[in-house]
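Dear colleague,

Please find below the structure that I am handing over to you, together with its sequence. A short account of the findings comes after it.

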Amino acid sequence: MINIWLVEDEATIADTLVYRLEEDNYRVCWFERGELLLEALLNHTQKRPALIILDVGLPDILGFDLARIVLDKYDIPIIFLTARIEEIDRIVGLEIGADDYVAKPFSPRELSARVKAVLRRSLKQQVVINKFSVGPFILDEQSAFIRYYNDMLSLTRYEYLLLKTFIRSPNRVFSRAQLMELVWQDNLESMERTIDTHIKTIRQKLVMIEPSQKPPILTHRGLGYSLTI
């Protein structure tokens with residue numbers, strides 16, 4: 001069952017939307033405040049949603065600001081709900097990265113149709129990006145493996161997540177702190193120097209497959225690491 005998170009401070013609207021979406025066989029988690037959603041995301045107290053429906057006019061945090069925080073860390077589709085219908089607000093919402101923008105008042109049936117359309121687009125995008133190549137690397141996210149010069153790499157969980165992060169953003173320099181936040185989200189590891197150890201091991205495994213090639217994970221002194229292709 002697909003998980004949808006709804007952030008809406010008006011209980012009557014939330015009740016109507018939850019009922020409609022559950023009728024469409026979605027599992028809905030309702031948050032009255034934006035901070036509650038952030039807490040659930042950061043602390044992993046709920047299964048991450050396939051889509052977030054977000055009211056712009058929340059009492060504790062502006063919906064646009066909340067969306068920026070979410071989209072900066074997570075690739076989750078967002079539909080804005082708002083009583084503000086000015087064109088500038090609509091443009092701002094879409095420029096932030098929202099997938100749709102629904103102005104109040106609206107019918108639950110209309111929102112349901114928008115949800116289905118956004119999820120359909122999101123699923124197609126996921127299928128496209130599940131497997132792609134960057135330089136000598138082939139990343140298959142669906143099967144959770146990485147090939148290097150067409151040979152399968154034997155990687156631990158964190159080695160895979162680290163290398164995947166680099167492959168998804170080639171040539172970008174990541175600081176140790178950024179890599180810790182992106183890869184070690186469960187905080188099982190607490191020392192940033194563990195990044196150095198894992199990268200050293202990854203480099204060794206790359207050399208074992210292709211000894212003639214210098215491993216493309218570069219160290220940027222005082223900055224961090226990058227995968228240079």
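This is a predicted model: local features need pLDDT of at least 70, side-chain atom pairs count only at pLDDT 80 or more; totals for chains, interfaces and linings use all residues.

An open sheet is formed by 5 strands, arranged in the order β2-β1-β3-β4-β5 with parallel pairing. Its edges are β2 (27-31) and β5 (100-103), each of which pairs on one side only. On average, neighbouring strands of this sheet are turned by 20° against each other, direction ignored. Within the sheet, strand β1 (residues 3-7) and strand β3 (residues 51-55) run parallel and are joined by 4 bridges. I4 has L51 of β3 as its bridge partner.

Helices on the sheet. Helix α1 (residues 11-23) lies across β1, β2, β3 and β4 (78-82), and runs at about 170° to β2. Helix α3 (residues 63-73) also packs on the sheet, where it touches β3, β4 and β5. The direction of α3 makes about 170° with that of β4.

A helix pair. Helix α6 (residues 157-168) and helix α8 (residues 194-209) have axes that come within 10 Å and cross at roughly 85°. Angles of 65 to 115 degrees count as roughly perpendicular, and α6 and α8 are therefore roughly perpendicular to each other. On the α6 side, the contact is made by Y158, E159, L162, L163 and F166. On the α8 side, I195, H198, I199, T201, I202 and K205 take part. By class, this contact of α6 with α8 has 7 nonpolar, 2 polar and 2 charged residues.

With kind regards

How values were computed: Residues are numbered from 1 along each chain as its sequence is written. Side-chain values use heavy atoms; hydrogens and water are left out. Axes are lines fitted to C-alpha atoms, for helices over the stretch in contact, and angles run from 0 to 180 degrees between N-to-C directions. Helices (H or I, at least four residues) and strands (E, at least two) are DSSP runs, numbered from the N terminus. Angles under 35 degrees count as roughly parallel, over 145 as roughly antiparallel, 65 to 115 as roughly perpendicular and the rest as oblique. Contact means heavy atoms within 4.5 Å. Ala, Val, Leu, Ile, Met, Phe, Trp, Tyr, Cys and Pro count as nonpolar, Asp, Glu, Lys and Arg as charged, and the others, Gly among them, as polar. Two strands pair if DSSP finds at least two bridges between them.
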